[in-house]
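These are my notebook entries on the structure shown below. I record what I looked up, entry by entry.

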Number of protein chains: 2
Amino acid sequence: MTKRSVIKFGGTSVGDFSKIKNIASYLATRVEKVEELVVVVSAMGKTTDELLKNVDMLSKEPDQHDLALLLTTGEQQTISYISIALKALGINTKAMTGFQAGIKTKGNYMKSKILEVDNNVFEKAFESNNVVVVAGFQGMNEAGELTTLGRGGSDTTAVAIASSLGTPCEIYTDVAGVYGTDPRLYSAKRLDVVSFEEMMEMSALGAGVLETRSVEIAKNYNVPIYLGQTLSNERGTWIMPQEDILEQKAVTGVALDKDMHYVTFSYPKNDATLLKQLFTQLEKEEINIDMISQIVNTEGLQISFTMKDTDTLELKHIFDTLYQEFAELNYVVKSEYVKVSVIGSGMRDMSGVASKVFMTLLENDIEFYQVTTSEISISYVVDKANGVLAVGKLCAVFGL
Amino acid sequence: MTKRSVIKFGGTSVGDFSKIKNIASYLATRVEKVEELVVVVSAMGKTTDELLKNVDMLSKEPDQHDLALLLTTGEQQTISYISIALKALGINTKAMTGFQAGIKTKGNYMKSKILEVDNNVFEKAFESNNVVVVAGFQGMNEAGELTTLGRGGSDTTAVAIASSLGTPCEIYTDVAGVYGTDPRLYSAKRLDVVSFEEMMEMSALGAGVLETRSVEIAKNYNVPIYLGQTLSNERGTWIMPQEDILEQKAVTGVALDKDMHYVTFSYPKNDATLLKQLFTQLEKEEINIDMISQIVNTEGLQISFTMKDTDTLELKHIFDTLYQEFAELNYVVKSEYVKVSVIGSGMRDMSGVASKVFMTLLENDIEFYQVTTSEISISYVVDKANGVLAVGKLCAVFGL
């Protein structure tokens with residue numbers, strides 16, 4: 001029986017035309033081994049950034065629908081090129097944009113979520129093709145408008161298709177798998193295997209190898225992910241269910257989330273209407289905040305939270321609107337912060353991780369401003385200048 | 001009542017971001033005059049050429065479907081940019097790709113024809129928008145695949161939408177209307193008005209201001225076209241029904257069709273099967289040939305015709321296939337020819353045009369190899385080297 005696989009290549013892997021040719025040759029060897037492939041690709045190299053830079057010349061606040069319409073052209077070009085390169089090698093291919101592949105989305109144009117994938121599209125395409133090349137990162141909403149899944153969304157596309165077809169998902173990038181921390185920060189070891197939960201924490205906390213949402217879908221539908229280096233023979237990392245992993249470590253990774261904003265927000269009285277409006281607006285604009293802490297005392301209400309600096313514009317809108325109704329509102333957004341997190345599924349069973357982290361920061365004179373814990377992680381907000389130092393010291397302490 | 005107009009801008013007119021901004025400002029002034037606009041745009045400047053150059057690196061014979069998929073990204077980017085620039089001026093816009101605008105096509109991917117335009121899409125969009133920005137040159141076929149109308153097809157998109165909405169169609173390019181001949185060849189006068197028939201002949205014969213098919217649709221649906229220079233106050237040319245034009249001239253234009261191939265094809269006997277196969281194949285590949293002349297004598301069959309050099313590859317295929325069955329087939333393709341044509345609706349009523357053309361060529365020692373006439377035109381194949389000379393002499397003789 002013909003084996004089926006879903007393979008995803010990131011933007012750097014398809015960054016120029018000789019890379020595209022090499023990927024086509026590699027895919028041809030897979031087809032020779034009687035495999036049917038769905039190949040999901042991102043926009044070439046810096047295409048998305050360049051398109052956004054062009055927009056800067058036209059508008060400071062471009063419409064999300066127009067932006068999605070613009071950005072989807074990036075992957076559409078890549079699928080055409082990959083398909084052309086594969087056909088030049090005699091492979092039967094069918095190239096499809098997200099909407100042609102039946103990828104239906106909902107929500108905010110630029111941060112849409114996949115609602116469903118139409119299986120039949122692939123079954124039909126495989127009747128006369130060995131490779132179906134699909135544009136990652138994009139889909140179509142119910143109004144027939146083109147949408148994007150947000151940056152990194154090509155991983156989500158690949159995992160969603162793999163789950164729909166019942167195959168594993170191979171994701172190739174320029175790093176050879178998952179490391180205990182970002183190799184650019186500290187030369188930690190590569191992990192052979194990591195659980196969905198750990199990977200999700202690592203992604204959410206800024207380890208950045210895979211988008212959180214793609215791991216979430218993989219976890220929910222039990223799709224094993226193989227993360228490897230493009231066109232390399234080096235062994236990568238399998239991301240799989242926790243119960244399938246035999247040897248568990250207390251700590252598997254240390255993540256650094258750069259470019260955090262630290263927002264402090266105060267109001268002279270504890271007003272529930274204000275809080276309700278704030279959180280409703282944050283949800284509406286799909287701004288992810290975390291590490292929330294709230295204090296109510298005689299001086300009123302004080303909330304602080306962290307957020308990525310990408311949503312600054314939307315946040316300003318929200319505060320401007322609230323300000324009209326609540327004139328005594330006071331808020332400060334401070335940048336130059338990072339979040340350092342220690343992650344490990346084994347953490348819940350093994351004691352002492354929290355105190356070890358605490359002592360390490362203390363011994364190295366690394367000040368911290370806020371702490372949060374989850375079942376399998378501990379995160380600290382520290383000054384940007386101390387981020388890399390903290391990661392190195394923690395990796396060393398936990399033997400990564 | 002709100003006036004509605006369809007306005008088309010070519011690739012040079014949207015060639016950079018400052019041009020896009022200027023066009024947006026111009027459109028805003030039109031919207032202020034309570035106009036609802038459909039704006040049809042091409043890919044920016046040399047985008048299409050650049051995309052095709054990239055393909056050269058991957059394949060010598062790229063698949064037409066993949067090419068169409070690639071090229072449609074060009075206009076999709078332009079509509080996003082125009083829409084973003086218009087919104088920055090406070091105009092409500094809706095940007096649509098060809099398929100989103102309900103443009104259904106049939107036929108060869110890269111040379112598709114518009115089957116129908118969905119009026120309802122525009123009615124719905126105008127409920128909450130003043131400007132609908134549509135990607136020209138593209139549509140979707142019945143299989144749900146993206147198609148292109150062939151180069152210059154954005155004019156066709158604009159005219160088809162204008163016909164569907166019952167409005168005139170304004171087409172803006174970098175030349176201010178229709179001239180008696182290409183202004184780069186001879187400084188002929190600009191025409192205030194020209195008939196559909198004359199314009200069709202001029203386009204078909206290489207005057208190149210508008211694609212023949214767009215004028216054909218305009219003629220069939222009685223859509224007056226205004227052809228003007230982008231963002232200029234200079235008066236352009238109206239293209240309209242013959243009967244609406246009061247003063248008719250014997251000759252309105254001289255056209256030069258460059259880069260013609262002159263194909264001669266011989267076979268030792270008059271074989272109907274061969275001819276049938278040849279013409280069936282030419283039709284299948286949608287190769288336009290013209291100026292056909294055929295001779296049958298004791299030496300067998302001889303056919304010669306002219307064609308554009310863009311279809312050389314397809315022609316070679318056809319002859320290679322025929323050659324397998326008809327081994328005595330002989331064919332020669334000569335390049336370095338041009339076609340000079342004299343056009344005028346009044347020609348059918350006024351005698352002497354043909355002899356005047358003939359004498360002009362003779363007096364200037366311009367050799368010619370083939371002649372064809374239609375009701376409103378006469379065309380001569382001459383050496384490429386004599387093309388511009390012939391145009392200049394003929395313009396002078398007919399007072400253009």
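Which residue is the bridge partner of A:Gln370 in E20(A)? I find that A:Val381 of E20(A) is the bridge partner of A:Gln370.

**Entry 1. Conventions.** I note that this is a predicted model, in which local features need pLDDT of at least 70 and side-chain atom pairs count only at pLDDT 80 or more, while totals for chains, interfaces and linings use all residues. Residues are numbered from 1 along each chain as its sequence is written, chains are lettered from A and ligands numbered from 1 in the order in which they are written, and side-chain values use heavy atoms, with hydrogens and water left out.

Entry 2. Helices (H or I, at least four residues) and strands (E, at least two) are DSSP runs, numbered from the N terminus. Buried means under 20% relative accessible area, exposed over 50%, and partly exposed in between (1.4 Å probe, protein chains only).

Two strands are taken to pair if DSSP finds at least two bridges between them. E20(A) pairs with strand E19 (residues 368-374) of chain A in the antiparallel sense over six bridges, and E19(A) and E20(A) form a hairpin with two residues between them. Strand E18 (residues 330-343) of chain A also pairs with E20(A) in the antiparallel sense, over seven bridges. I see A:Val340 opposite A:Tyr380 in E20(A).

**Entry 3. Strand E15 of chain B.** I then turned to strand E15 (residues 253-267) of chain B, which has 12 of its 15 residues buried and is therefore largely enclosed by the rest of the structure. E15(B) pairs with strand E18 (residues 330-343) of chain B in the antiparallel sense over 11 bridges, and B:Lys339 in E18(B) is the bridge partner of B:Asp257. Eight bridges join E15(B) to strand E17 (residues 300-308) of chain B, and these two strands run antiparallel. In E17(B), I find B:Phe305 as the bridge partner of B:Val263.

**Entry 4. Interface of chains A and B.** I looked up the area that chain A and chain B bury between them: about 3,200 Å², with 64% of it on carbon and sulfur atoms. Buried area is the accessible area (1.4 Å probe) that two parts lose on being put together, summed over both. In chain A, A:Leu58, A:Asp66 and A:Ile84 lose the most area to chain B, together 21% of what that side buries. The contact (heavy atoms within 4.5 Å) takes 37 residues from chain A and 38 residues from chain B.

Six salt bridges are found across the interface, each a side-chain nitrogen of Lys or Arg within 4 Å of a carboxyl oxygen of Asp or Glu. A:Lys94 forms a salt bridge with B:Glu145, and their closest N and O atoms are 2.6 Å apart. I note that H3(A) gives the largest share of the side of chain A that touches chain B, 17 residues.

**Entry 5. B:Ser59.** Is B:Ser59 buried or exposed? B:Ser59 counts as buried because its relative accessibility is 9%. B:Ser59 lies in the loop between helix H2 (47-56) and helix H3 (64-87) of chain B. Leaving aside neighbours within four places in sequence, I find B:Ser59 in contact with A:Ile84 and A:Ala88.
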